[in-house]
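Thanks for coming. Please have the structure open.

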Amino acid sequence: MPDPILELRDLDAHYGDFQALFGVSMRVAEGEVVAVIGANGAGKSTLLKCIAGAMPVRHNAIQLYGVSIGGDPAHDVVSRGIALVPEGRRLFPSLSVEENLLIGGQLGRKGPWNLKRVYELFPVLEERRHQPAPSLSGGQQQMVAIGRALMANPRLLLCDEISLGLAPIVIRDIYARIPAIVAEGLSLIIVEQDVVQALKTARYVYCLQEGRVALQGEAKALTREKISAAYFGV
Ligand code: ATP
């Protein structure tokens, strides 16, 4: 296996006295799509927040290209090449589609992504570029959220439940663009409730249960029975 670009080593996370993650270890290689699945409250979003610099964690619990970044502030993490597509999209409602995208590029990392490339990936956004972000459909807003993260030219893209609340045809449409993103050499961690979609998209899957890795393996080797057992602890 190639050297990982991201490695989590025995990662714990807490909200005050409440411990949400227990000793999570994980590796993501260059150009690889890794899925994190699990029931509600399993700790999936917390895991992404830790990587994105939004939670206090042990410094050496998160390594990017062998450098400890755990607990570094979010803007440092973005400038090192990690971008988050947050759950619920969190677009700026008073700004247009294009203004939202431009905000993603503010840190100015060099790389293949710019407005033109994002519009090639999602042509509908170019048609709607001057519209206020909230006037778009849910799927189009999700495209803006992904485009905004790409504008930061990350090496690793973290996607938190990009299919949430979207119709199956829209989910397929968005997931159909992932190969074009990976083709630019990016790695992805996708947090997904839609297990079928996660298994189709990812090479490797981690299943969290109550803050611990209950199952991990190559997507093609995971059976429905193994996943349900890890999901529900039965
Ligand atoms: P979901 O799919 O419902 O978003 P999840 O797997 O992403 O679930 P997390 O949101 O990471 O789960 O939550 C993990 C645990 O941490 C849950 O028990 C949740 O109640 C708790 N938790 C999450 N955010 C906070 C917070 N801000 N303060 C306190 N506890 C929290």
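How do the residues of the lining of the largest pocket divide into nonpolar, polar and charged? Before I answer, the ground rules. This is a predicted model, where local features need pLDDT of at least 70 and side-chain atom pairs count only at pLDDT 80 or more, while totals for chains, interfaces and linings use all residues. Residues are numbered from 1 along each chain as its sequence is written, and side-chain values use heavy atoms, with hydrogens and water left out.

The answer is 14 nonpolar, three polar and three charged. Here Ala, Val, Leu, Ile, Met, Phe, Trp, Tyr, Cys and Pro count as nonpolar, Asp, Glu, Lys and Arg as charged, and the others, Gly among them, as polar. The largest pocket holds about 530 Å³ of space. It has 20 lining residues, and Ala 74, Val 78, Ala 83, Leu 84 and Arg 148 are the closest to its centre.

On terms: we use a 1 Å grid over the protein atoms alone; a cavity is a set of points where a 1.4 Å probe fits but cannot get out, a pocket is an open set with protein on both sides within 12 Å along at least five of seven lines, and lining residues have an atom within 4 Å of a point. Grid points are joined across faces, edges and corners, and a volume is the space filled by probe spheres set on the points.

Helix H2 (74–80) gives the most to this lining, with four residues. Helices and strands are DSSP runs, helices being H or I with at least four residues and strands E with at least two, numbered from the N terminus.

The second largest pocket has about 230 Å³ of space. Asn 40, Gly 41, Ala 42, Gly 43 and Lys 44 are the closest to its centre, out of 16 lining residues. Strand E2 (18–29) and helix H1 (44–51) each give two or more. Its lining divides into four nonpolar, eight polar and four charged residues.
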